[in-house]
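Here is a short report on a two-chain model. Have the sequence and the 3D view open as you read.

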Amino acid sequence: MRVLFRKSYKQDIRLFRDRTQAFWYLLFLCIALAAPLFLDGYFLDELSFVYIYAIAGLGLMILTGFSGQVSFGQAAFVAIGAYAHTILLSRYGVPWILSLPLAALITGLVGLAIGRICGRMHGLYLAIATLSIAIVTERLIGGGGDFTGGHRGLPVPGIDIFGIAIDQSWKTYLLNLALFVGAILMTRNLLRTRSGRALIAIRDSEVSARSLGTNVAFYKAYAFFLSAVFAGLAGGLLAHAFYYITPETFGMGESIRLLLMIVVGGIGTIHGAIFGAFFIVLLPTVLSWVKVLLPGAIATSGGFDSLAFGMILLGFILFEPDGLYGRWVKIHHYFNVFPMYKRRSFQRQKTFLKTERLK
Amino acid sequence: MKNFATALALSALVTGAAIAGPQGVTEDKITLGSYTDLSGPLAVWGVPEANGLRMRVDEINAAGGIHGRQLEIVIEDTQYQVPRAIQAANKLLRRDRVFAMVGALGTPMNLAVMPQQLDAGVPNLFPMTAAPEMAEPLHQMKYAFFRNYTEQFRAAVAYFHDNGGFVTPCVSQIANEAGESMTLGVEQQLHEYGMEIVAKTEHSATETDMVSSVTTLKNAGCDIVFNAGSVKDTILTVATSKKLGFEPIFVTGMVPYMDAVAKAADGAMEGLYLVSPFVFADVATSEGEAKRILETYAETYGTKMEPQAQLGYIFIDLLAEALEAAGPELTTEGFLAAIEAINGYVDPIGGQTISFGPEDHQGVETLILARVENGSWTVAARGLDY
């Protein structure tokens, strides 16, 4: 077991805890960068999806995991990002390199406006409000006529960065990887700044956050803004992965999938969003391999995927509410302190009353 | 930079290998792919379709395959979600390396998958959607089975205009791309007669209450309602109208052409019309080969052969016809030429005529009119057109 000696305050805000940790993460990065050398296009495309969903998941993690605001409407922001990016690219001829951040910004501003309204709500009411945003956005895009392409949808042009066409799996893979790593660093950075700490303070107790001088309303809207920016970015990338976007693509099911993703991954952690993305995206793929090995009657029956997905989800909610990452931390800790592991180590130390809310 | 160069070289190698012969074809096997909805909102379409596809494949294999090759079909579930469809297609195109995609269900799914699929040189055959984009713009690898939604509704308007006529045509539309295509057909054909839609209502696929939409139609005094809808909403609209004492002629498209619709709501569907590019054959009224197929299906799968299963069966039958004609030296070009050469193929179940040509990538030639009588669909007229 390694004991960390704190010698300065700077240590608390370092990117990595120590050299060992830095080594592992850099190793992962190297493997991810080298993946096009040993994986074929199929796996690269699957991993691209993981990265894009992880970006959307990080956004939702900021909102739900860090600032404590449940959102059933994340897919609406993804949709706005995807549509803004596609419309800017194809209709106004904005270069890709500008169009993507612009789309993210537009989505962010929409998120800010929604956050300003929804920030006053809590729990169930907030869930209902965000759910209705998901539904309304889908209908609005569908009824947008020629501007949004209506229910028929829009074809998405290819990616072109300074004249270089990003048209092969390994190129899109590296692009998505770069933005994914950028999104992780941004989230990591957020958590060690004043605003990130304010978000966590609000999540843990609004009363104490307010009494420490945190502007609760501002930071709640800010969380919505950041979350929407990430979702918009993911939307822009997803649009390219889909080649063709329709409002149905970003329906309520997608919002719920995103929320499940961070719950399964482990709510309140950056790792959680990433683990969740791997889980959600790769599960159907793994299931389709497993299915081949099963007897014909099960393999060809329709509901197998949904059943397996539901069972795994149920298992997590019942036995591991901290998600995949929570389980990993516990296993890691178990070996770290062996044979002194205590279940109590992971019991929540502080509990707050649900009633202490501020308007 | 070295990584990139190696990756480039590797991918060039892979592409180079693919040119040598069409993917998915070996000495003794042809692999086909399909993605459909097996557990989502359109599973009522997807599950029987998958069974129908498999049934014909099994029959062909039992009879010795095609030019010594067995057929294999890999069917993936999309749950009617575009992301899942993209993943499924990625697997089919690059892991299973299918020779052709057949009967893929859903307009948004097909539109999303087709660009990369056509780039990979994999033909898109007979998708389970009647969207115009399945055949248009003309592409050498796109072949649609159905006449599209717009044409279905144009023919419906033309039929009722010529047979009895109407004064106040209305539309009840589902808010999705299929609904939009159908409404467009109504608009176009009415325009020919110098008429316009008097009232139009729109509902979402998830709506469970049609009272407001039906009331709008009732107050507008519609004498015919073109129901540009899906399955559940069609049942709801017609049943709600009956309850409210509003009984115009209801005409719908091919999507609700199912036994469950005809029997729904205790006879409320009686008299509902629909226009369809295929015929839903029934064991009681069919004979010969059709009867054999329907009975075999009922034996194998334990249920009556739904129209989607019949379609799945016909898709593979049609495809096998082209594979047969393409000869033992199978190439994608030869196969596509064989499809284009199909002329006057009569489907073994419903008896619809199917023809393709260099400029015509839409299979079914004419439409039929079906009507609910005593809780089941009966063909009221054949050869509809506009």
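**Domains of chain B**

Start with the contact between the two domains of chain B. There, 11 residues of domain 1 of chain B are in contact with 12 residues of domain 2 of chain B. On the domain 1 side of chain B, the residues in this contact are seven nonpolar, one polar and three charged. This is a predicted model.

Domain 1 of chain B takes in 22-147 + 287-355, and domain 2 of chain B takes in 149-276 + 369-384. Taken over C-alpha atoms, the domain centres in chain B are 29 Å apart.

A UniProt annotation, from an unreviewed entry, reads "domain: Leucine-binding protein" and covers residues 29-375 of chain B. That span is 41% helix and 17% strand. Its end C-alpha atoms in chain B lie 44 Å apart.

**The two chains side by side**

The table sets out like values for each chain.

| Property | Chain A | Chain B |
|---|---|---|
| Helices and strands | Chain A: 15 helices, four strands | Chain B: 12 helices, 14 strands |
| Buried residues | Chain A: 43% of 359 residues | Chain B: 55% of 386 residues |
| Contacts at least 6 apart in sequence that join residues at least 24 apart | Chain A: 76% | Chain B: 67% |

How does the radius of gyration of chain A agree with that of a compact globule? A compact globule of 359 residues would have a value near 21 Å, and chain A has 21 Å, which agrees. For chain B the radius of gyration is 22 Å. The globule rule gives 21 Å for 386 residues, so chain B is as compact as a globular protein of that length.

**Chain A and its annotated segments**

UniProt, again in an unreviewed entry, places "transmembrane region" features on chain A. Residues 21-39 of chain A are 95% helix and 0% strand, with end C-alpha atoms 26 Å apart. Residues 51-84 of chain A are 79% helix and 0% strand, and here the end C-alpha atoms are 20 Å apart.

**Where chain A meets chain B**

How many residues of each chain are in contact with the other? The count is 32 residues of chain A and 30 residues of chain B. On the chain A side, several helices give two or more residues each, including helix H1 (19-38), helix H5 (123-142) and helix H10 (216-242) of chain A. Helix H2 (41-66) of chain A is also one of these elements. H2(A) gives the largest share, five residues. By class, the chain A side has 11 nonpolar, 14 polar and seven charged residues.

**Confidence**

The model scores ipTM 0.80 and pTM 0.84. Chain B averages a pLDDT of 89, and 95% of its residues score at least 70. Which element of chain B has the lowest mean pLDDT? Helix H1 (residues 2-19) of chain B does, at 46. Strand S3 (residues 100-102) of chain B has the highest, at 95. Over residues 7-19 of chain B, pLDDT stays under 50. The model has six contacts beyond four places in sequence for that stretch of chain B. Where pLDDT is low, predicted coordinates should not be read in detail.

Definitions and conventions:
Residues are numbered from 1 along each chain as its sequence is written. Chains are lettered from A and ligands numbered from 1 in the order in which they are written. This is a predicted model: local features need pLDDT of at least 70, side-chain atom pairs count only at pLDDT 80 or more; totals for chains, interfaces and linings use all residues. Domain bounds come from an automatic or database domain assignment. Two residues are in contact if their C-beta atoms, placed from the backbone, lie within 7 Å. Ala, Val, Leu, Ile, Met, Phe, Trp, Tyr, Cys and Pro count as nonpolar, Asp, Glu, Lys and Arg as charged, and the others, Gly among them, as polar. UniProt positions are given in the numbering used here, feature names are shortened, and annotations may be inferred rather than shown by experiment. The radius of gyration is taken over C-alpha atoms; the globule rule is 2.2 Å times the number of residues to the power 0.38. A residue is buried if 20 or more other C-beta atoms lie within 10 Å of its own, exposed if 12 or fewer, and partly exposed in between; C-beta atoms are placed from the backbone. pLDDT is the predictor's confidence in each residue, from 0 to 100.
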